[in-house]
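Open the model in your viewer and keep the selection tool at hand. The tour goes stop by stop.

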Amino acid sequence: EDQLLQARLDLGDYQVLIDLGVDHRVLAPHFRDWLHWRTVAGITAEGGCATLAASNGPASRMRGLSLREWLWHAWSEQQGLAEDPQAPGSVLTTGRIVGLLGATGVGKTTTLAKISSKLRHEHRQNVVILTLDTRRFGAIEQWRRFSKLLDIPVQEIVTPTDLNRSMESWDRYEWIGIDTPGGMTPDTEPGRLYGSILARLGSLQSVLLLPAAQQEAVGRDQMRWARRLGCRRVMFSKLDEITRPGGIVNLTMDGDWKIDSLTTGRRVPQDWESVSAQALWNRVLTPRPITAGEGSLQ
């Protein structure tokens, strides 16, 4: 009974995770494993309290792992971040030619500007942006402004001829970012152009951008659509706009989709960070103050 009572001391974390938006169906198996560990498997001779000698996580309120830390470790492991929790796994290091996919308004253009600016000015790489988003009102003008501000060339791709001409110059660049229109499908002209790049370049890495405040069902639909274009990595944007980011856990806990990076504001390039185990803890699993009008991915 004493052992069970000690485990109950930390059950408040269950409600914290639910309040953050983590689905109880996602949480349930990890809760069962954690409770078993706290009450049976993890008991040591040290005062009957569960301990984990190799824990490198944030300072716990107790000597043993809290439920939130337990979920964090499990999630980090599924995301491939457990061995080196600080190692970045983003498009900064994992791909030379990157296409950013997503619905209209999720922040693709601004996010690409952040990444390309970081590569250009911090990593001193020669980069170029290709935009297939040439029909949306203001899209080209936005990229032209970014081009001047960031000193990064932007190529507008409207026809296969434009694409062929562009690809002839790619050897000059160390990183190539591709902006795509929202709602792009294989039967649209941008979709055919993107499909042509996929067919000709096995090195193209497609990354889906999802806003953290988007409904989880919509996010899953976007994932199914993006998978048709070979996409298995996801960025989450606008984490600064929500207090319940637990849907990010629900969409990626199984490790089928890998989180690439996170955006936390509109500043270019500051409000973007590569994913790490610590970022998952700080940005997703740590409660934050609630303010009026904020949404959640649920």
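Select R165. At 52% relative accessibility, R165 counts as exposed; exposed means over 50% relative accessible area, buried under 20% and partly exposed in between, with a 1.4 Å probe and protein chains only. This is a predicted model, where local features need pLDDT of at least 70, side-chain atom pairs count only at pLDDT 80 or more, and totals for chains, interfaces and linings use all residues. Residues are numbered from 1 along each chain as its sequence is written, and side-chain values use heavy atoms, leaving out hydrogens and water.

R165 sits in helix 8 (residues 160–167). Helices are DSSP runs of H or I with at least four residues, numbered from the N terminus. R165 and Q155 are 10 residues apart in sequence and 10.0 Å apart in space, C-alpha to C-alpha.

Next, select helix 7, residues 139–150. Helix 7 has 12 residues and reaches 16 Å from its first C-alpha to its last, close to the 16 Å expected at 1.5 Å a residue; the expected span is 1.5 Å times one less than the number of residues. Which residues of helix 7 are buried? Colour A139, I140, W143, F146 and L150: these are buried. Look down the axis of helix 7: its buried residues fall within an arc of 120 degrees, so they line one face. The arc is that of the directions from the helix axis to the C-beta atoms. An α-helix has 3.6 residues a turn, so residues three or four places apart point the same way. Turn to the face away from the buried side: helix 7 carries the exposed residues R145, K148 and L149 there.

Now the rings. The structure holds 5 aromatic pairs: rings of Phe, Tyr and Trp (its six-membered ring) with centres within 6.5 Å, stacked if the planes are under 30 degrees apart, edge-to-face if over 60 and tilted otherwise. Select Y14 and F31. They form an edge-to-face pair, 5.0 Å centre to centre, with 70 degrees between the planes. The pair links distant parts of the chain: Y14 lies in helix 2 (residues 12–19) and F31 in helix 3 (residues 24–41), 17 residues apart. Y14 counts as partly exposed, at 24% relative accessibility.

Last stop: select L132, T134, R135, I157, V158, E189, P190 and L193, which line the largest cavity. On a 1 Å grid over the protein atoms alone, a cavity is a set of points where a 1.4 Å probe fits but cannot get out, and lining residues have an atom within 4 Å of a point.

How values were computed:
On a 1 Å grid over the protein atoms alone, a cavity is a set of points where a 1.4 Å probe fits but cannot get out, and a pocket is an open set with protein on both sides within 12 Å along at least five of seven lines; lining residues have an atom within 4 Å of a point. Helices (H or I, at least four residues) and strands (E, at least two) are DSSP runs, numbered from the N terminus.
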